[in-house]
Amino acid sequence: MTEKLNIDDLKRRMEGAINAFSHDLAGLRTGRASATMIDHVIVDAYGSKMPIEQVGTISVPEARTISIQVWDKGLVISVEKAIQEAGLGLNPQSDGQLIRIPVPELNEERRQELIKIAGKYTEQSKIAVRNIRRDGMDSIKGMEKNSQIGKDDGVSLSSDVQDLTDIYTKKIDEILLNKEKEIKQV
């Protein structure tokens, strides 16, 4: 029974790596406005650092515009500054407590840069999946060494772990392929 729980735990951890990868890619700007583009922006508010979604309501009223309705008028300047310093290439424009962020078209050079960044995220995710695989293989070797499972069961479980690794590596490649298409889309 422990073998089954072991595989389920590996699946859960690999799924977590995929989710983190997807979240990282969602933050890459593709030319269309998306609230996830500014998810990682941290605002200096009330003497502490806060995620941007905790200081206002984020919406996407148009295909190329993100808007933020800041709840506290005193934080409008802090929110603008945080967006400008986030390195997204966005220039917020405030109108009272409403901040509009026009999302400009991407040029070819910026598209290639974003594809390279997506590639780095991909490699980090694959490394995470391979590390989870290594943990599983080490666990199987330990179970064999402690005579909890036989050699044949160890080979079978190792094959299962490798198959799982291949499935999640393929998922990562598919997600990257879709993101590249999205980035290249004019």
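**A quick note on the sheet and the cores**

1. Let's start with the sheet: four strands form an open sheet in the order E3-E4-E6-E5, with antiparallel pairing. Strands here are DSSP E runs of at least two residues, and helices are H or I runs of at least four, numbered from the N terminus. Two strands count as paired if DSSP finds at least two bridges between them. Keep in mind that this is a predicted model: local features need pLDDT of at least 70, side-chain atom pairs count only at pLDDT 80 or more, and totals for chains, interfaces and linings use all residues. Residues are numbered from 1 along each chain as its sequence is written, and side-chain values use heavy atoms, leaving out hydrogens and water.

2. Which strands sit at the edges? Strand E3 (56-62) and strand E5 (93-95), each pairing on one side only.

3. Now look at strand E4 (residues 65-70) and strand E6 (residues 98-102), which pair in the antiparallel sense over five bridges. Gln69 stands opposite Leu98 in E6.

4. Of its 25 residues, Leu10, Met14, Val129, Ile140, Val161 and Tyr168 touch the most other members. Helices H1 (2-26), H3 (108-145) and H4 (151-184) each give two or more residues to this core, and H3 gives the most, with eight.

5. Apart from this core lies another, of 22 residues, including Ala33, Ile66, Ala82 and Ile83.

Terms used
A nonpolar core is a set of buried Ala, Val, Leu, Ile, Met, Phe, Trp, Tyr and Cys residues joined through side-chain atoms within 4.5 Å. Buried means under 20% relative accessible area, exposed over 50%, partly exposed in between (1.4 Å probe, protein chains only).
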